[in-house]
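Open the model in your viewer and keep the selection tool ready. The tour below goes from one stop to the next.

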Amino acid sequence: MAGETLTIIDNRTGKSLELPIQKGTEGPPVVDITKFYKEFGLFTLDPGFLSTASCKSTITFIDGDEGILLYRGYPIDQLAEKSSFLEVCYLLMWGELPTRPKFEEFSKIVMEHTMLHEQMLNFYKGYRRDAHPMAIMVGMVGAMSAFYHDSLDIQIPRHREVSAFRLIAKLPTIAAASYKYSIGQPFVYPKNELGYVENFLRMLFKVPCAKFTMSPVLVRAMEQIFILHADHEQNASTSTVRLAGSSMANPFAAISAGVSCLWGPAHGGANEAVLNMLNEIGSVDRVGEYIRRAKDPNDSFRLMGFGHRVYKNYDPRARILKKAAHEVLAELGREDDPIFKLALELEQIAQSDDYFVEKKLYPNVDFYSGIIQSAIGIPTNMFTVIFSVARSIGWICQWMEMISGKESIGRPRQLYVGAPQRDYVPLHRRP
Ligand code: ACO
């Protein structure tokens, strides 16, 4: 057999099998076990995908030990510093940075799709005002398939592209309307001559009776948050999108599945949980108590915004956002913000504590993003919504890659540990 292989021997029978080893451009090689069941009659068990690659992908690479994140090969810190969110969208979608004419064409197409079908706005009125905006988001993104069904034939590349443009363009409008509805303010229509992120912030904060202005420093920090959240390879929500899409479900349905998954506090909901936690801790002198709780195996409390399945080093996104938080608070004249001070203190104490050091628990992207958003005036319950808007480009690209790669339907196997086969007992004969 050509190339490197891994030989597996079944000690029960002595049968051996050479499994091919596939090498990617970066990261550890992968053993191809597709023939494993056929040859050995055994499944492999890996709940949580600790050792299992679920697909091949060309989009994003993470080296969790080194704290490296690349979009299409470009380091995240370079993109966060020099690029724009729309340029990152182009890069993720097409694999290369755009030329100026290509970028202008792309931006024009996206910004010309920002408005929602007017009837979609009626949907909002059906939700309770006090609904979590993420709950509205899940419903509205799924509802897109009821309004944009002229682009739902996923076998046609042009349809896939049109759906992608609609998702990138309309999600900020949907998200902003979710917020406006929850606070009883009128919806704000998009303004296409603004940049993507500035338009979103305007739709969040503009009221008919006042002019909208926002410091470029705050807009740039938000743009960085969008760039940093754009993709993160096969995380839970992205895998959900790929799995949902593998049944040939339409992209709006698949992306709304991703939004649902992202909502959980162990994933995208963590940024909301971080701010709630910091508010609950309240002051620096209570940090020790919470560190003790986080370390107590009998206490379910975890330090939110700490730890990551892949990063066993400082999350490169957290480093960028820590700097952005300093810049935003300086711009607002709030360098002494007590919650930011508390976060810095918490990070410092955790980073010198053996428990966190040994388990390699570092701040993740969510640790500082909430502080920035809160300083900008975004309420806590919108953090995960914003994460979902930014991540939608990653989901779309991963979905497109999966569909165009003609991957078969995702169908994990299981180790069944339930009751063995038994006969039905009629109700009147049961004890
Ligand atoms: N606080 C305290 N202890 C922690 C934390 C934490 N935040 N995170 C992990 N640990 C401990 C666990 O208790 C476990 O201890 P043990 O070995 O004694 O049992 C050990 O570290 C390993 O933890 P796992 O849960 O096995 O790590 P996993 O990789 O499965 O989980 C996760 C990663 C879910 C992110 C976890 O670190 C966590 O819950 N963090 C807080 C929530 C959070 O910030 N989520 C955002 C993730 S980033 C994102 O989705 C954008």
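At what angle do helix α6 (residues 133-147) and α18 pack, and how far apart are their axes? They pack at an angle of about 30°, with the axes 8 Å apart. Before going on, note that this is a predicted model, in which local features need pLDDT of at least 70, side-chain atom pairs count only at pLDDT 80 or more, and totals for chains, interfaces and linings use all residues. Residues are numbered from 1 along each chain as its sequence is written, and side-chain values use heavy atoms, with hydrogens and water left out.

**Stop 1: α6 and α18**

Select both helices. Helices (H or I, at least four residues) are DSSP runs, numbered from the N terminus. Axes are lines fitted to C-alpha atoms, for helices over the stretch in contact, and angles run from 0 to 180 degrees between N-to-C directions. α6 and α18 are therefore roughly parallel to each other; angles under 35 degrees count as roughly parallel, over 145 as roughly antiparallel, 65 to 115 as roughly perpendicular and the rest as oblique. α6 passes α18 in a right-handed crossing (the near helix is turned clockwise from the far one by less than a right angle). Now show the side chains of P133, M134 and M137 on α6, and of T384, V385, S388 and V389 on α18, which make the contact (heavy atoms within 4.5 Å). This contact has five nonpolar, two polar and no charged residues. Here Ala, Val, Leu, Ile, Met, Phe, Trp, Tyr, Cys and Pro count as nonpolar, Asp, Glu, Lys and Arg as charged, and the others, Gly among them, as polar.

**Stop 2: α12 and α18**

The crossing of α12 past α18 is right-handed. N271, E272 and L275 of α12 touch F383, T384 and F387 of α18. By class, that contact holds three nonpolar, two polar and one charged residue.

**Stop 3: α4 and α7**

Next select helix α4 (residues 100-111) and helix α7 (residues 157-183), which pack at about 70° with axes 8 Å apart. α4 and α7 are therefore roughly perpendicular to each other. Look for F106, I109 and V110 of α4 against F165, I168 and A169 of α7. The contact consists of six nonpolar residues, with no polar and no charged ones.

**Stop 4: the largest cavity**

How many cavities of 30 Å³ or more does a search of the whole structure find? It finds one. On a 1 Å grid over the protein atoms alone, a cavity is a set of points where a 1.4 Å probe fits but cannot get out, and a pocket is an open set with protein on both sides within 12 Å along at least five of seven lines; lining residues have an atom within 4 Å of a point. The largest cavity has a volume of about 90 Å³, where grid points are joined across faces, edges and corners and a volume is the space filled by probe spheres set on the points. Select its lining, including L116, T173, K180 and M203. α7 gives the largest share of this lining, four residues.

**Stop 5: the second largest pocket**

Finally, select D77, R220, R319 and K323, which are among the residues that line the second largest pocket. About 190 Å³ of space lies in this pocket. α14 supplies the largest share of its lining, five residues. The lining divides into three nonpolar, one polar and six charged residues.

Methods. Helix = DSSP H or I, 4+ residues; strand = E, 2+ residues; numbered from the N terminus.
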